[in-house]
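I opened the notebook to record what I looked up in this structure. My entries follow in the order I made them.

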Amino acid sequence: MKLVWSPESASKAFIDTVKSCKLFNESSAAELVSAMAAGWNAQLVVETWRRGGSIAASVGLAVATQHSGGRHICVVPDEESKADYVEAMRESGQPSDVVVGRPEEAMEGLEGIDFLVVDCRRNDFARILTVARLGHRGAVLICKNASSRAANDFRWRTVLDGKSRIVRTVFLPVGNGLHIAHVGATGGGGAAAGKGQSRWIKHIDRRSGEEIVIRK
């Protein structure tokens, strides 16, 4: 199996997130990530957050799982961040499921992630991507605040090459910038997959900056 897009779920999540995020006076990024998570029918949605960060995207992801029937979990670095996050989500009327710890510790019990949102302003955002245990259906990975200085030299293949098959990547100037990658499904090998005759060729679009992987 692989992730299958549902435009109806995406549209409903987008509209509900617009309504839910009116209090934050923010737009675009929260609605987009919500629509994507619901549209891909994500069953395990994981995000990172730290004290002082925006809560709008978190609200959007919570809304998305209400449409997909999935689970939304937030990974925070310390108890202070957890307290602030839980309170902010409570005020927004959304439930909160929080895991506290360093990336390796926090990701240990989170297997089968199919939608992951990390913050480029966290020094360990690349490490989180490296240790994340993605689902066999494939996954959508998003780095928010991607226009920050910390993300200038970021490349998806730096943290995912050899671990996951990158189908497509794109940068969107939404909010403070979003780096997005779609990782292909794994498994379902069969006899054809075992022959090892096909190979993947990476191509960079010079105009858009997108990294596209072609099977040959």
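**Entry 1: aromatic pairs**

I started with the rule for rings: those of Phe, Tyr and Trp (its six-membered ring) pair if their centres lie within 6.5 Å, and planes under 30 degrees apart count as stacked, over 60 as edge-to-face and the rest as tilted. I searched the whole structure and found 2 aromatic pairs. One of them is formed by Trp 5 and Trp 40, and it is edge-to-face, with 5.2 Å centre to centre and 65° between the planes. Trp 5 lies in the segment before H1 and Trp 40 in the loop between helix H2 (29-39) and strand S1 (44-48), so this pair ties together parts 35 residues apart in sequence. Helices (H or I, at least four residues) and strands (E, at least two) are DSSP runs, numbered from the N terminus.

The model is predicted, so local features need pLDDT of at least 70 and side-chain atom pairs count only at pLDDT 80 or more, while totals for chains, interfaces and linings use all residues. Residues are numbered from 1 along each chain as its sequence is written, and side-chain values use heavy atoms, with hydrogens and water left out.

Next I asked: is Trp 40 buried or exposed? Buried means under 20% relative accessible area, exposed over 50%, and partly exposed in between (1.4 Å probe, protein chains only). Trp 40 has a relative accessible area of 18%, so Trp 40 is buried. Trp 5 has 40%, so Trp 5 is partly exposed.

**Entry 2: the whole chain**

I looked up the totals. The protein chain has 8 helices and 11 strands. Of its 216 residues, 46% are buried. The accessible surface comes to about 11,400 Å², and 49% of that belongs to carbon and sulfur atoms. These areas come from the Shrake-Rupley method with a 1.4 Å probe; for residues, only the protein chains shown count as cover. I then checked contacts (heavy atoms within 4.5 Å). Among contacts between residues at least 6 apart in sequence, 69% join residues at least 24 apart.

**Entry 3: a buried serine and a strand pair**

I picked Ser 58, which sits in helix H3 (residues 56-68). Its relative accessible area is 0%, so Ser 58 is buried. Which residues does Ser 58 touch, not counting those up to four places away in sequence? They are Glu 47, Trp 49, His 72, Tyr 85 and Met 89.

The bridge partner of Glu 47 in S2 is Cys 74. S1 and S2 run parallel and are joined by 5 bridges. Two strands pair if DSSP finds at least two bridges between them. In strand S2 (residues 71-76), 5 of the 6 residues are buried, so S2 is largely enclosed by the rest of the structure.

**Entry 4: salt bridges**

I wrote down the rule: a salt bridge is a side-chain nitrogen of Lys or Arg within 4 Å of a carboxyl oxygen of Asp or Glu. How many salt bridges does this rule give? The count comes to 9.

Arg 71 and Asp 97 form one, at 2.9 Å from N to O. Arg 71 lies in strand S2 and Asp 97 in the loop between helix H4 (79-92) and strand S3 (98-100), so the pair ties together parts 26 residues apart in sequence. Arg 71 is partly exposed at 45%. Asp 97 is partly exposed at 27%.

Glu 104 and Arg 127 form another, with the closest N and O atoms 2.6 Å apart. Glu 104 lies in helix H5 (residues 103-106) and Arg 127 in helix H6 (residues 125-131).

Arg 137 and Asp 114 also meet in a salt bridge, at 2.7 Å from N to O. Arg 137 is in the loop between strand S6 (133-134) and strand S7 (139-144), and Asp 114 is in the loop between strand S4 (111-113) and strand S5 (115-119). Arg 137 is buried at 15%. Asp 114 is buried at 4%. I also found Glu 108, Glu 111 and Arg 133 joined into one network by salt bridges that share partners.
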